[in-house]
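This briefing concerns a single protein chain and the side-chain contacts found within it. Please consult the sequence and the structure alongside the points that follow.

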Amino acid sequence: MFEALVYMFENYIDTQFRPDNNTLTRELFAAGFDEEDINGACDWFNQLESMTGKPELFQMADAANSRVFTEIELKKISGESIGFILFLVQAKILNTSQRELVLELAMNLPQATIGIEEMRWIVLMTTWGASKSGPDKTKEYLFIEDVLLSEQKPTLH
């Protein structure tokens, strides 16, 4: 399913147009994805659009910056992915509300584990979605895209 999400994101990131679910389903099927992955990807992408369509989520003040991860989260999300999320919060690229959104979306994926590559894509998709409803996130988006495509790990100075 994750590959279908990435395909959708790559093909519609720079457009203001996203086809309806029936057209999108046909396109994904023609691209070689199976029905279960297509349905799961469409549901997840719809959830992303719904959640990032709330500007107030991205304008909340960060009262607390600490987070205790549940045992289930620690089993599913790799340590490197958790470190990446914490880095983005510390660098003020994500606020705590966005961090929670990213974690919720990651936990809603069907795969057993979420590695760093999947987490980078989730953050990229979430940040892109936020830029449509909240403050301009262009700099943050470009930073995350650079991190996603870069082989080097980011460092905070």
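Glu-73 and Arg-67 form a salt bridge in which the closest N and O atoms are 2.8 Å apart. The model is a predicted one, and five salt bridges are found in the structure. The points below begin with the network around this pair and then turn to other contacts.

**Salt-bridge network**

- Glu-73 is buried, because its relative accessible area is 10%, whereas Arg-67 is partly exposed at 22%.
- Arg-67 also forms a salt bridge with Glu-100, with the closest N and O atoms 2.5 Å apart.
- Because Arg-67 lies in the loop between α3 (35-52) and α4 and Glu-100 in helix α6 (residues 96-107), this pair ties together parts that are 33 residues apart in sequence.
- Glu-100 is partly exposed, with a relative accessibility of 30%.
- Arg-99 forms a salt bridge with Glu-100 as well, the closest N and O atoms being 3.0 Å apart; Arg-99 counts as buried at 5% relative accessibility.
- Through shared partners, these salt bridges join Arg-67, Glu-73, Arg-99 and Glu-100 into one network.

**A buried lysine**

- Lys-76 is located in helix α4.
- Lys-76 is buried but has no salt bridge, and Glu-73, the nearest side chain of opposite charge, is 10 Å away.
- A polar atom of the Lys-76 side chain lies 3.1 Å from the backbone oxygen of Met-107.

**Aromatic rings**

- Two aromatic pairs are found in a search of the whole structure.
- Phe-9 and Trp-121 form an edge-to-face pair, with 5.9 Å from centre to centre and 85° between the planes.
- This pair links distant parts of the chain, since Phe-9 belongs to helix α1 (residues 2-12) and Trp-121 to helix α7 (residues 116-133), 112 residues apart.
- Phe-9 is buried at 2% relative accessibility, and Trp-121 is buried with a relative accessible area of 15%.
- Arg-67 lies over the face of Phe-69, 4.8 Å from the ring centre.
- Arg-120 lies over the face of Phe-84, 5.7 Å from the ring centre.

**Overall fold and confidence**

- The secondary structure consists of eight helices and zero strands.
- The protein has 157 residues, of which 44% count as buried.
- The mean pLDDT of the protein is 80, and 71% of its residues reach 70 or more.

How values were computed: Residues numbered from 1 in each chain as written. Heavy atoms only, no water. Phe/Tyr/Trp six-rings, centres within 6.5 Å; stacked < 30°, edge-to-face > 60°. Helix = DSSP H or I, 4+ residues; strand = E, 2+ residues; numbered from the N terminus. Buried < 20%, exposed > 50% of the residue type's maximum accessible area, 1.4 Å probe, protein only. Lys NZ or Arg CZ within 6 Å of the ring centre and 35° of its normal. pLDDT = per-residue confidence, 0-100. Lys, Arg positive; Asp, Glu negative; His and termini not counted. Salt bridge = Lys/Arg side-chain N within 4 Å of Asp/Glu carboxyl O. Polar contact = N/O pair within 3.5 Å; in protein donor to acceptor, adjacent residues only side chain to side chain.
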